[in-house]
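Subject: Handing over the structure

Hi there,

Here is the structure I promised to pass on to you.

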Amino acid sequence: MREALIVWGGWSGHEPEQGANIIAGMLEEEGFKVYLENSTEAFADPAIADMSLIVPIYTMSKIEKEELLNLTKAVEGGVGLAGYHGGMGDAFREAVEYQFMVGGQWVAHPGNIIDYHVDVTKPDDPIMEGIPTRFPYRSEHYYMHVDPSNEVLATTTFTGDHAYWIDGVVMPVVWKRKHGKGRVFYSSLGHVASEFDVPEMNTIMRRGLLWAAR
């Protein structure tokens with residue numbers, strides 16, 4: 001049986017515990033044995049190197065050097081890493097090694113909660129198969145600094161309504177990448193747990209978890 005570790009915590013506005021329980025349910029439905037922890041200390045356990053998948057849901061906060069070293073070593077060795085929104089893309093802001101692994105870092109969400117569109121750029125990818133090529137979404141519209149080596153699966157375009165100087169900027173929303181031998185998946189969708197009720201978001205996340213898991 002494949003095993004997955006979910007580590008949740010950090011800023012409560014992203015409802016990390018609720019999100020962790022939803023992700024745990026997804027993985028259990030797919031046959032995983034799931035471990036839930038609410039401290040970054042879990043990343044320091046050498047046993048994580050034997051996991052199939054690690055899911056961080058830990059907005060902001062800090063990660064200790066030995067925790068980060070063990071986490072990145074596990075992923076480089078082949079453990080999958082997958083996550084969403086600020087739980088993975090705005091975690092441990094001072095840890096550049098973590099950002100290097102994830103492939104991006106949140107920097108702004110102009111307008112806060114707004115309506116926007118997500119455009120699927122690789123409809124033939126198994127993660128995106130059957131997802132509408134453009135679908136509406138309401139959430140924080142994530143502006144991120146991103147790694148050019150990411151394989152981008154979906155994007156969004158900023159209008160400039162809330163920051164005129166980014167009008168027309170096309171920003172990655174969903175990507176996958178490799179870090180060492182490990183597969184890394186990220187989606188910027190999912191500000192609060194209720195967004196898992198959006199079929200497109202839910203399907204993309206489930207498939208991304210499965211793709212990343214070894």
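A word on burial before anything else: a residue is called buried when its relative accessible area is under 20%, exposed when over 50%, and partly exposed in between, using a 1.4 Å probe and protein chains only. Please keep in mind that this is a predicted model, in which local features need pLDDT of at least 70 and side-chain atom pairs count only at pLDDT 80 or more, while totals for chains, interfaces and linings use all residues. Residues are numbered from 1 along each chain as its sequence is written, and side-chain values use heavy atoms, with hydrogens and water left out.

Let me start with serine 188. Serine 188 counts as buried because its relative accessibility is 3%. Serine 188 sits in the loop between β11 and α5; helices (H or I, at least four residues) and strands (E, at least two) are DSSP runs, numbered from the N terminus. Setting aside neighbours within four places in sequence, serine 188 contacts His85, Tyr142, Met144 and Val173, where contact means heavy atoms within 4.5 Å.

Which residue lies 105 residues from serine 188 in sequence and 8.6 Å away in space, C-alpha to C-alpha? That is glycine 83, which belongs to strand β4. Glycine 83 is buried because its relative accessibility is 0%. Not counting residues up to four places away in sequence, glycine 83 touches Val55, Met88, Phe185, Tyr186, Ser187 and Met205.

Now for the aromatic rings. A search of the whole structure turns up 10 aromatic pairs. Tyrosine 84 and phenylalanine 196 make an edge-to-face pair, with 5.3 Å from centre to centre and 85 degrees between the planes. For reference, rings of Phe, Tyr and Trp (its six-membered ring) pair if their centres lie within 6.5 Å, and planes under 30 degrees apart count as stacked, over 60 as edge-to-face and the rest as tilted. This pair links distant parts of the chain: tyrosine 84 is in strand β4 (residues 80-84), and phenylalanine 196 is in the loop between β11 (182-187) and α5 (199-212), 112 residues apart. Both tyrosine 84 and phenylalanine 196 are buried.

Phenylalanine 92 and tyrosine 98 are also paired edge-to-face, at 5.1 Å centre to centre and 80 degrees between the planes. Phenylalanine 92 counts as buried because its relative accessibility is 1%, and tyrosine 98 counts as buried at 1% relative accessibility. These two rings belong to one aromatic cluster made up of Phe43, Tyr58, Phe92 and Tyr98.

Asparagine 112 is not a glycine either, and has a positive phi of about 60 degrees. You will find asparagine 112 in the loop between β5 (104-108) and β6 (113-120). Is asparagine 112 buried or partly exposed? It is partly exposed, because its relative accessible area is 46%.

Glutamine 99 is part of helix α4. Leaving aside neighbours within four places in sequence, glutamine 99 is in contact with Phe92, Arg93, Gly104 and Gln105. Its C-alpha atom is separated by 9.2 Å from that of aspartate 147, 48 residues apart along the chain. Glycine 104, in strand β5, is buried because its relative accessibility is 6%. Besides Gln99, glycine 104 touches Gly89, Met144, His145, Val146 and Trp175, not counting residues up to four places away in sequence. Glycine 104 and proline 172 are 68 residues apart in sequence and 9.5 Å apart in space, C-alpha to C-alpha.

Last, a pair of helices. Helix α1 (residues 16-29) packs with α5 at an angle of about 60 degrees, with the axes 10 Å apart. Axes here are lines fitted to C-alpha atoms, for helices over the stretch in contact, and angles run from 0 to 180 degrees between N-to-C directions. The two helices, α1 and α5, are therefore oblique to each other (under 35 degrees is roughly parallel, over 145 roughly antiparallel, 65 to 115 roughly perpendicular, and the rest oblique). On the α1 side, Ile23, Met26, Leu27 and Glu29 meet Asn202, Met205, Arg206 and Leu209 of α5.

Enjoy exploring!

Best wishes
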